[in-house]
Amino acid sequence: YRRSPGASPQALEDHYSPSRWSPRLDRDTIIDAHMAVTAAGTERARAGARTLLHVPYGNGDGEKLDIYFPTDPSETFPVLVYIHGGYWQSLSKDDSGFAAPPLVSQGVAVVAVGYDIAPKGHMDAMVLQVRRSLVFLAERCISIRGIYLCGHSAGAHLAAMVLSTDWTEFRAVPDIKGVVLVSGVYDLEPILHTYVNDALRMSREVAQRNSPLRHVPPAVPAACEVLMAVAQHDSPEFRRQSREYSQALRAAGWSVSLLDLAGVDHFDIIEKLSENSYVLTQVRGRAVPRQ
């Protein structure tokens, strides 16, 4: 792990505390505000769409997903799978439907994936759960015309781990056409030494095994496109991680775009996906072809 020489443990804590970097709200209120915005947005999305909620993709308590169907579905439709953030220890699929309305109105289904967060869940299990949720969709949903993954923060990490999956170990291979990674962490080793690991209890081996930056596979000819986004008001460490992971993917032959979005922080960079006019909504909409 590389960081500036002489960086203190407190500096590391600060760099991995996204709430410290927003000019919009103070650190004591921004996380509560984020949870309120995503919960209210999800409530609106559920009220305005045809849904199947709490669909089990496995036997575990957290192994459920919510499906938001297109307003006017054709026989087959693309699916955007959303993986929530919360530093692997908060939030849930029940706060994760807020980004559905602009997509379901354009003929795209949205699936919010649940997984067992810490302390119940551990990192290896969360990564496996997300992979298995995609296999479930590939096996059970015959209407799907391509899967597009979108993850925020810890969810971007989990989505990035999907890129390094050996699908020969699974019963089906999901047809992943594109991946959108928003303000993610791609090297877990720095957070071993921060408060984030208190609940995760990762060893160095677990952190290395589950760091996408350390497991970049060479792109195959039909490899999906990767869109990465980072906020102007993300911390320097989050910005560095996005830059380095995008460079590593590109070096391995992947098609990668890195968007540096002005005027947003770690939280509203994803909250604004509920808005049709937001630049990331529009880019994501272009990446996910409609009927």
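Mentor: Helices and strands here are DSSP runs, a helix having at least four residues and a strand at least two, numbered from the N terminus. The model is predicted. By that naming, S153 lies in the loop between β5 (144–152) and α5.

Trainee: Why does S153 count as buried?

Mentor: Buried means under 20% relative accessible area. S153 has 4% relative accessibility, so S153 counts as buried.

Trainee: What makes the phi of S153 worth a remark?

Mentor: Most residues other than glycine have a negative phi. S153 is not a glycine, yet its phi is positive, about 60 degrees. S183 is another non-glycine residue with a positive phi, near 50 degrees. S183 sits in the loop between β6 and α6 (197–200), and at 0% relative accessibility it counts as buried.

Trainee: What makes the peptide bond from A118 to P119 cis?

Mentor: Its omega is near 5 degrees. Most peptide bonds are trans. P119 belongs to the loop between β4 (109–113) and α4.

Trainee: How do you know what α4 should span?

Mentor: The expected span is 1.5 Å times one less than the number of residues. For the 18 residues of α4 that gives 26 Å, and the end C-alpha atoms are 26 Å apart, so the two agree.

Trainee: Why is α4 called roughly perpendicular to α5?

Mentor: Helix α4 (residues 123–140) and helix α5 (residues 154–163) pack at an angle of about 65 degrees, their axes 10 Å apart. Angles of 65 to 115 degrees count as roughly perpendicular, and therefore α4 is roughly perpendicular to α5. The crossing of α4 past α5 is right-handed.

Trainee: Which residues of α4 and α5 meet?

Mentor: On the α4 side they are M123, M126, V127, V130, R131 and L134; on the α5 side, H157, L158, M161 and V162. The contact of α4 with α5 divides into eight nonpolar residues, one polar and one charged.

Trainee: Why is D124 called partly exposed?

Mentor: Partly exposed falls between the 20% limit for buried and the 50% limit for exposed. D124 has a relative accessible area of 26%, so D124 is partly exposed. D124 is found in helix α4. Beyond its neighbours within four places in sequence, D124 is in contact with V206, R209 and N210. The C-alpha atoms of D124 and R209 are separated by 8.4 Å, though the two are 85 residues apart along the chain.

Definitions and conventions:
Residues are numbered from 1 along each chain as its sequence is written. This is a predicted model: local features need pLDDT of at least 70, side-chain atom pairs count only at pLDDT 80 or more; totals for chains, interfaces and linings use all residues. Side-chain values use heavy atoms; hydrogens and water are left out. Axes are lines fitted to C-alpha atoms, for helices over the stretch in contact, and angles run from 0 to 180 degrees between N-to-C directions. Angles under 35 degrees count as roughly parallel, over 145 as roughly antiparallel, 65 to 115 as roughly perpendicular and the rest as oblique. A crossing is left-handed if the near helix is turned anticlockwise from the far one by less than a right angle, and right-handed if clockwise. Contact means heavy atoms within 4.5 Å. Ala, Val, Leu, Ile, Met, Phe, Trp, Tyr, Cys and Pro count as nonpolar, Asp, Glu, Lys and Arg as charged, and the others, Gly among them, as polar. Buried means under 20% relative accessible area, exposed over 50%, partly exposed in between (1.4 Å probe, protein chains only).
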